[in-house]
Amino acid sequence: THFGYRQVPKDEKAGRVADVFHSVAAKYDLMNDLMSGGVHRLWKRYTIEMSGVRRGQRILDLAGGTGDLAGKFSELVGPEGEVVLADINASMLSVGRQRLTDRGLVGNIEFAQVNAEELPFPDNHFDCITIAFGLRNVTDKDKALASMLRVLKPGGRLLVLEFSKPRAPGLGPVYDAYSFSVLPTLGAMITGDRDSYRYLAESIRMHPDQESLKAMMEAAGFERVDYYNLTGGIVALHRGFKF
Ligand code: SAM
């Protein structure tokens with residue numbers, strides 16, 4: 001249906017993910033604010049701070065969607081820097097491009113429709129890669145991490161912002177109730193698409209916890225890997241370096 005994406009995916013998960021993001025693209029930003037009570041903005045601000053990105057650098061915002069991080073990076077790297085907003089989904093990418101262009105962020109941003117598992121960029125190219133709420137949706141995460149390592153410069157860093165396992169006592173059950181009943185209902189009300197938000201809740205539950213993701217990053221070859229729990233571990237920011 002949408003852009004012929006239904007036919008492309010070889011596996012069921014990729015097809016499901018494509019359908020979800022084609023379906024929600026137009027309402028994605030509104031839903032993010034509603035579902036997180038605006039807190040996703042703080043998680044992203046923290047990610048920007050931890051990125052240490054400076055003028056003149058090359059940044060890849062992978063699974064960048066509607067461009068919250070890419071837009072901020074575009075301001076930080078300045079005219080001599082380079083930001084690539086990359087996403088597998090044409091609908092999300094076109095909302096992102098429109099949004100950033102409307103904000104006047106042009107000149108140092110490029111848009112690329114890519115699969116995180118097979119990045120079409122040269123070796124040792126980027127100073128920093130971010131993937132925010134994206135890794136969860138990738139079918140072969142090990143392959144994607146290896147691909148990210150390849151395109152990072154030596155000394156470069158990867159930041160993975162993703163839902164994780166709540167650590168705060170008592171938060172688990174509340175959070176489960178929220179994600180499996182409130183989320184799909186909110187999704188149905190705003191986008192008319194309950195199933196996409198049910199997928200979201202399921203994909204959050206299936207995603208590796210803090211220590212498992214850290215181990216995956218180390219296995220892929222990242223060094224000095226650490227993570228920071230945000231909002232009681234509902235979200236974690238993992239960081240790893242290429243040396
Ligand atoms: N990073 C943005 C943010 O934090 O608001 C968007 C996150 S959105 C929840 C997840 C994004 O991952 C979607 O835009 C989706 O198209 C993208 N995505 C899913 N699988 C991908 C893949 N294999 N390669 C690249 N992007 C992918």
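Reader: Is Ala 116 buried or exposed?
Author: Ala 116 has 25 C-beta neighbours inside 10 Å. A residue is buried with 20 or more other C-beta atoms within 10 Å of its own, exposed with 12 or fewer, and partly exposed in between, C-beta atoms being placed from the backbone. Therefore Ala 116 counts as buried.

Reader: What kind of model is this, and how are residues numbered?
Author: The model is predicted: local features need pLDDT of at least 70, side-chain atom pairs count only at pLDDT 80 or more, and totals for chains, interfaces and linings use all residues. Residues are numbered along each chain as its sequence is written, starting from 1.

Reader: Which residues does Ala 116 touch, leaving aside neighbours within four places in sequence?
Author: Contact means C-beta atoms, placed from the backbone, within 7 Å. On that basis, the partners of Ala 116 are Leu 62, Ala 63, Ile 131, Gly 134, Val 138, Ala 144 and Ser 147.

Reader: How many residues surround the ligand?
Author: A residue is near a molecule if its C-beta atom, placed from the backbone, lies within 6 Å of it. Ala 63, Gly 65, Asn 89, Ala 116 and Ala 132 are the closest. The count around the ligand is 19.

Reader: Is Asp 87 buried or exposed?
Author: Asp 87 has 27 other C-beta atoms within 10 Å. So Asp 87 is buried.

Reader: How far apart in space are Leu 100 and Leu 158?
Author: In sequence, Leu 100 and Leu 158 are 58 residues apart. C-alpha to C-alpha, their separation in space is 23 Å.

Key. Two residues are in contact if their C-beta atoms, placed from the backbone, lie within 7 Å.
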